[in-house]
Amino acid sequence: MTWEVSNYVNGEEITFDEDDIGPAMTINCFNCEKIKVTVPGKIKNFMLMKCKKMEINLDSCVSMGEVIKCESVKLYVEKTVPSISVELSNGI
């Protein structure tokens, strides 16, 4: 199961409900700019691609996270993420 967040801009805030999140869930964010995403609970993995000035708040992640071609991303993890891969990005 995958949630895809794409092309959100200018101050939007996306908060997932704990009922919509589970340890088999993946969250992908593409081409987002100046948004805030909050993910309560445990997810499988996440990926951010081509995002700018974005903030993401995670509780915990089972597998790994990826940040690809992003600029000025703030990533906050409350509990655990085993590994985060950052490629071709600035200001993470």
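Cys 51 is buried, with a relative accessible area of 0%. Here buried means under 20% relative accessible area, exposed means over 50%, and partly exposed lies in between (1.4 Å probe, protein chains only). The model is predicted: local features need pLDDT of at least 70, side-chain atom pairs count only at pLDDT 80 or more, and totals for chains, interfaces and linings use all residues. Residues are numbered from 1 along each chain as its sequence is written, and side-chain values use heavy atoms, leaving out hydrogens and water.

**Cysteines**

- A disulfide is a covalent bond between the sulfur atoms of two cysteines.
- The test used here is a pair of cysteine sulfur atoms within 2.5 Å.
- The structure holds 0 disulfides.
- Cys 51 takes part in no disulfide, and its nearest cysteine sulfur, in Cys 70, is 4.6 Å away.
- Cys 70 is buried, with a relative accessible area of 1%.

**Overall fold**

- The protein has 0 helices and 9 strands.
- Helices (H or I, at least four residues) and strands (E, at least two) are DSSP runs, numbered from the N terminus.
- The radius of gyration is 12 Å, close to the 12 Å that the globule rule gives for 92 residues, so the protein is as compact as a globular protein of that length.
- That radius is taken over C-alpha atoms, and the globule rule is 2.2 Å times the number of residues to the power 0.38.
- The C-alpha atoms fill a box of roughly 30 × 25 × 20 Å along the principal axes.
- Of the 92 residues, 38% count as buried.

- Thr 26 lies in strand E3, which covers residues 26–30.
- Thr 26 is buried, at 14% relative accessible area.
- Beyond its neighbours within four places in sequence, Thr 26 has contacts that include Met 1, Trp 3 and Lys 44.
- Contact means heavy atoms within 4.5 Å.
- Ile 68 belongs to strand E7, residues 64–68.
- Ile 68 is buried too, with a relative accessible area of 12%.
- Which residues does Ile 68 touch, not counting those up to four places away in sequence? They are Met 47, Leu 48, Met 49, Lys 50, Glu 87 and Ser 89.
- Ile 68 and Ser 85 are 17 residues apart along the chain, and their C-alpha atoms are separated by 8.1 Å.
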